Amino acid sequence: MKIIMYHYVRDYKKTDYPDIKGLDIESFKFQIKYLKTKYNILSPNQIYKIIENHKSFNDNDCWLTFDDGYIDHYKYVLPILEHNGIKASFFPSVKTTLNETVLDVNKIHFILATNVSHDLIINEIRNTYINLNTENRFENFDDLIKKIDTSSRFDSSKIMLIKLLLQEVLPKNIRTDICDKLFKNYVSAEIKSFAKNLYMNISQVKEMRKLGHEIGMHGYDHVRLGKLNKEEQINEIMKAHKFLKENELIDNKFSISYPYGHYNSDTLEILSSINCLIGITTQPSPVDKKNYVALELPRLDTNDFPQKEKEINDKIH
């Protein structure tokens with residue numbers, strides 16, 4: 001079984017940020033047509049029944065999942081799915097649904113989508129880090145970056161360096177300051193209005209739910225759960241759970257898409273205690289037909305599947 005992961009699905013003819021990495025709606029339409037001919041696209045309800053009853057998946061089963069709660073999912077993805085009679089799972093974090101701020105991960109995407117050179121961005125990160133680290137409380141910057149593994153399936157080494165510095169490697173307060181500064185300088189100083197145009201609001205999320213699509217958990221603040229201690233994880237997960245339950249967006253049993261694909265044994269223990277049935281990761285492989293672990297299901301990326309006719313022919317030849 002293949003779980004397919006989507007993030008940005010946009011009309012690139014209309015966007016102000018054509019360099020944001022994502023899928024154009026025309027490519028998405030083609031991919032849906034391709035998947036319908038080659039795979040059995042399961043609804044979230046069908047996925048739940050298989051897993052609850054400990055049944056096996058088929059090789060040609062697939063499940064469509066959409067992370068981060070982008071308004072593109074409501075404007076572009078939803079009509080296409082409805083037209084094709086497909087039900088999918090959507091995983092917005094609570095913070096994006098509230099439309100009050102832009103997640104750091106998205107700030108980084110839009111910073112990288114400007115025409116500012118990656119070398120300039122790295123130098124700005126370096127200089128700001130040095131200025132904030134005047135008492136040498138943290139590691140030397142050049143020593144720090146030598147330890148970073150910048151290998152990636154889809155991004156260049158410079159892009160991965162920027163992402164990892166601003167998402168994980170630098171101390172939290174420093175990376176947040178740097179990210180905010182870069183976003184305001186190169187993208188927008190109007191954070192709330194930018195968030196409103198980037199993410200689905202609560203009414204749109206509820207509409208998706210009423211149409212039969214699943215709304216799953218993606219955390220409250222969209223943080224790497226495995227980097228938090230157990231108490232911090234309980235707080236992050238339970239805040240998200242409370243919001244989703246109060247807004248009738250999840251049932252007693254629900255699923256989670258781990259932000260950044262990050263979790264640990266504490267995460268699994270906490271989720272099991274509140275009836276989380278399914279957890280989906282970012283490990284790029286199909287789901288084993290029989291011997292799957294329901295809270296640790298791998299996912300393939302949309303880029304692993306054809307998005308235009310030429311790609312089908314290339315795979316054949």
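Does Asp67 count as buried or exposed, and at what relative accessibility? At 3% relative accessibility, Asp67 counts as buried (under 20% relative accessible area; exposed is over 50%, partly exposed in between, with a 1.4 Å probe and protein chains only).

## Basis

This is a predicted model: local features need pLDDT of at least 70, side-chain atom pairs count only at pLDDT 80 or more, and totals for chains, interfaces and linings use all residues. Residues are numbered from 1 along each chain as its sequence is written, and side-chain values use heavy atoms, leaving out hydrogens and water.

## Asp67 and strand β5

Asp67 lies in strand β5 (residues 61–67). Strands are DSSP runs of E, at least two residues; helices are runs of H or I, at least four; both are numbered from the N terminus. Beyond its neighbours within four places in sequence, Asp67 contacts Met5, Tyr6, His7, His73, Phe91, His218, Ser257 and Arg299 (heavy atoms within 4.5 Å).

In β5, 7 of 7 residues are buried. Asp61, Trp63, Thr65 and Asp67 cover one side. Cys62, Leu64 and Phe66 are on the other.

## Partners of β5

Strand β1 (residues 2–6) runs parallel to β5, joined by 5 bridges. Tyr6 has Phe66 as its bridge partner. Strand β4 (residues 40–41) also pairs with β5 in the parallel sense, over 2 bridges (pairing needs at least two DSSP bridges). Here Asn40 partners Asp61.

## Helices α6 and α8

His118, Asp119, Ile121, Ile122 and Ile125 in α6 meet Lys158, Ile159, Leu161, Ile162, Leu165 and Leu166 in α8.
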